[in-house]
Amino acid sequence: MTQVKHMTIAMLIVASNQAFAQSGGLFIEVNGTITPQTPSVNINVYTYWEGYPQIYGVGFAVYDLVATESGFTDNIIHHNWLGFTFPPPAPTNTGTALLDLTAGQLGPNFFTWSSPVLLHTVEWTTDDFTPRELSVSTEIDYIDLFPYSHVFIYERIPDPVNGSVTIQIIPAPSSALSLLGGAGLLGARRRRRQ
């Protein structure tokens with residue numbers, strides 16, 4: 001009978017650990033499509049976490065933001081950094097990637113953060129409006145969270161999930177309308193001749 005009790009306790013411990021599986025990562029949102037009228041988009045990168053009983057902040061998030069073609073500007077519109085150094089670390093811009101984007105020090109001394117947290121808003125722009133899709137994704141180095149309210153001890157998210165998004169690039173709607181308008185004029189002209 002004692003063996004059954006130990007087995008039951010072991011099964012409860014395994015079940016409770018699975019209920020609190022810790023995970024997290026980054027996800028990306030984009031504010032629209034690219035057209036000749038709007039040649040730039042803002043790309044928002046957020047961090048999120050799940051399965052942590054209480055998190056008081058983001059220690060550090062270090063990652064690369066990579067696109068399938070060149071177009072990143074040096075315009076970091078939003079940079080979530082409450083660190084002790086100012087200005088925040090600047091990423092390296094290769095055109096197709098922003099390397100070593102760093103956000104963090106969003107700690108418990110300020111207030112408790114809840115998931116998700118906006119880390120960066122960056123700009124991507126083009127002057128080529130050939131119809132296509134552009135992919136943007138993250139490559140995470142690490143994400144550390146503050147698990148305690150008054151102690152700066154980090155807890156690293158194990159195997160964080162990378163985010164990705166697709167951006168639509170569409171040609172000028174005016175050029176398509178002018179082609180339709182031109183076809184309409186030709187049709188009207190032919191009818192008049194007959």
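Analyst: What follows is a set of questions and answers on this predicted model.

User: What share of the residues of the protein count as buried?

Analyst: A residue counts as buried if its relative accessible area is under 20%. The protein exposes about 11400 Å², and carbon and sulfur atoms supply 58% of that area. Of its 194 residues, the share that count as buried is 35%.

User: Which residues have the most contacts inside the largest nonpolar core?

Analyst: In soluble globular proteins, nonpolar side chains tend to be buried together. Here the largest nonpolar core has 31 residues, and those with the most contacts inside it are I43, L65, F72, W124 and V136. The elements that give two or more residues to this core are β1, β2, β3, β6, β7, β8 and β10.

User: Which residue in β10 stands opposite V136?

Analyst: Strands β8 and β10 run antiparallel and are joined by six bridges. Leaving out residues up to four places away in sequence, V136 touches I28, I43, L65, V66, A67, F72, G163, S164, V165 and I167. Of the residues in β10, the one opposite V136 is V165.

User: What is the bridge partner of G57 in β8?

Analyst: β3 and β8 are antiparallel, with 10 bridges between them. In β8, the bridge partner of G57 is F146.

User: Is F146 buried or exposed?

Analyst: The cut-off for buried is a relative accessible area under 20%. F146 has 0% relative accessibility, so F146 is buried.

User: Which residue in β9 is the bridge partner of L145?

Analyst: Strand β9 covers residues 155-156 and runs antiparallel to β8, with two bridges joining them. The partner of L145 in β9 is E155.

User: Why is the pair of F27 and Y48 called tilted?

Analyst: The structure holds four aromatic pairs. Planes under 30 degrees apart count as stacked, over 60 as edge-to-face and the rest as tilted. The ring centres of F27 and Y48 are 6.1 Å apart and the planes stand at 50°, so the pair is tilted.

User: Where in the chain do F27 and Y48 lie, and how many residues apart are they?

Analyst: F27 is partly exposed at 27% relative accessibility, whereas Y48 is buried at 17%. F27, Y46 and Y48 form one aromatic cluster. The pair links distant parts of the chain, with F27 in strand β1, Y48 in strand β2, and a separation of 21 residues.

User: What is the angle between the planes of F146 and Y154?

Analyst: Y154 is partly exposed, with a relative accessible area of 35%. Y154 and F146 form an aromatic pair that is tilted, with 5.1 Å centre to centre and a plane angle of 35°.

User: Which residue lies over the face of Y142?

Analyst: A charge sits over a ring if NZ of Lys or CZ of Arg is within 6 Å of the ring centre and within 35 degrees of the ring normal. At 4.2 Å from the ring centre of Y142, the residue over its face is R156.

User: Which residues does P160 touch?

Analyst: P160 is in the loop between β9 and β10. At 23% relative accessibility, P160 counts as partly exposed. Not counting residues up to four places away in sequence, P160 touches G24, G25, I140 and I143.

User: Is D159 buried or exposed?

Analyst: D159 lies in the loop between β9 and β10. D159 is not a glycine, yet its phi is positive, at about 45°. Exposed means over 50% relative accessible area. D159 has 71%, so D159 is exposed.

User: Where is D100 placed?

Analyst: D100 has a positive phi near 60° and is a residue other than glycine. With 40% relative accessibility, D100 is partly exposed. The place of D100 is in strand β6.

Technical notes:
Residues are numbered from 1 along each chain as its sequence is written. This is a predicted model: local features need pLDDT of at least 70, side-chain atom pairs count only at pLDDT 80 or more; totals for chains, interfaces and linings use all residues. Side-chain values use heavy atoms; hydrogens and water are left out. A nonpolar core is a set of buried Ala, Val, Leu, Ile, Met, Phe, Trp, Tyr and Cys residues joined through side-chain atoms within 4.5 Å. Buried means under 20% relative accessible area, exposed over 50%, partly exposed in between (1.4 Å probe, protein chains only). Helices (H or I, at least four residues) and strands (E, at least two) are DSSP runs, numbered from the N terminus. Contact means heavy atoms within 4.5 Å. Accessible areas come from the Shrake-Rupley method with a 1.4 Å probe; for residues, only the protein chains shown count as cover. Rings of Phe, Tyr and Trp (its six-membered ring) pair if their centres lie within 6.5 Å; planes under 30 degrees apart count as stacked, over 60 as edge-to-face and the rest as tilted. Two strands pair if DSSP finds at least two bridges between them.
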